Amino acid sequence: MQLCYGPMACLTLFLLLTATGTGADKVHNCCTEVSRQKITVPIIGARMQKKNPPCVKAVIFETEDGEICSHWKEAWVRHTFIQLEMAKRSLNAQNTTTTST
């Protein structure tokens with residue numbers, strides 16, 4: 001299954017996903033440092049974290065071992081984040097279709 005139909009489509013989707021509303025009132029625990037190392041444990045979810053000092057801009061991957069703060073500019077991070085978001089949207093669309101029939 002192909003999740004993106006070209007580099008520009010992937011980049012556009014990534015930019016749209018990162019342009020979310022402010023959540024300054026929700027910052028309790030955040031990433032203050034990020035890793036560039038590829039994650040080898042199973043990833044079960046992800047979310048973006050905006051820069052809001054002391055928090056840094058990051059992708060927070062939810063794994064079976066806990067949360068990992070990853071550098072948002074790493075190609076593997078962007079690719080994995082987009083794949084997870086596309087899979088989530090596809091699953092939501094399937095659930096909507098199933099419940100409406």
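Modeller: Start with His71, whose side chain makes a polar contact with the side chain of Arg36, at 3.3 Å. A polar contact is a pair of N or O atoms within 3.5 Å; within protein, one must be able to donate a hydrogen and the other to accept it, and residues adjacent in sequence count only if both atoms are side-chain atoms. This is a predicted model: local features need pLDDT of at least 70, side-chain atom pairs count only at pLDDT 80 or more, and totals for chains, interfaces and linings use all residues. Residues are numbered from 1 along each chain as its sequence is written, and side-chain values use heavy atoms, with hydrogens and water left out.

Colleague: Which backbone nitrogen lies 3.1 Å from a polar atom of the His71 side chain?

Modeller: That of Lys73.

Colleague: Where is His71 found, and is His71 buried or exposed?

Modeller: His71 is in the loop between strand 3 and helix 2. Helices (H or I, at least four residues) and strands (E, at least two) are DSSP runs, numbered from the N terminus. His71 has 14% relative accessibility and counts as buried, where buried means under 20% relative accessible area, exposed over 50% and partly exposed in between, with a 1.4 Å probe and protein chains only.

Colleague: What is His71 in contact with, leaving aside neighbours within four places in sequence?

Modeller: Val34, Ser35, Arg36 and Val77. Contact means heavy atoms within 4.5 Å.

Colleague: How many bridges join strand 2 to strand 3?

Modeller: Five. In one of them, Ile60 has Cys69 in strand 3 as its bridge partner.

Colleague: And how many aromatic pairs are there?

Modeller: One. Rings of Phe, Tyr and Trp (its six-membered ring) pair if their centres lie within 6.5 Å; planes under 30 degrees apart count as stacked, over 60 as edge-to-face and the rest as tilted. Phe61 and Trp76 have ring centres 5.7 Å apart and planes at 20°, so the pair is stacked.

Colleague: Which parts does the pair tie together?

Modeller: Phe61 lies in strand 2 (residues 58–63) and Trp76 in helix 2 (residues 75–100), so the pair links parts that are 15 residues apart in sequence. Phe61 is buried at a relative accessible area of 0%, and Trp76 is buried at 13%.

Methods:
Two strands pair if DSSP finds at least two bridges between them.
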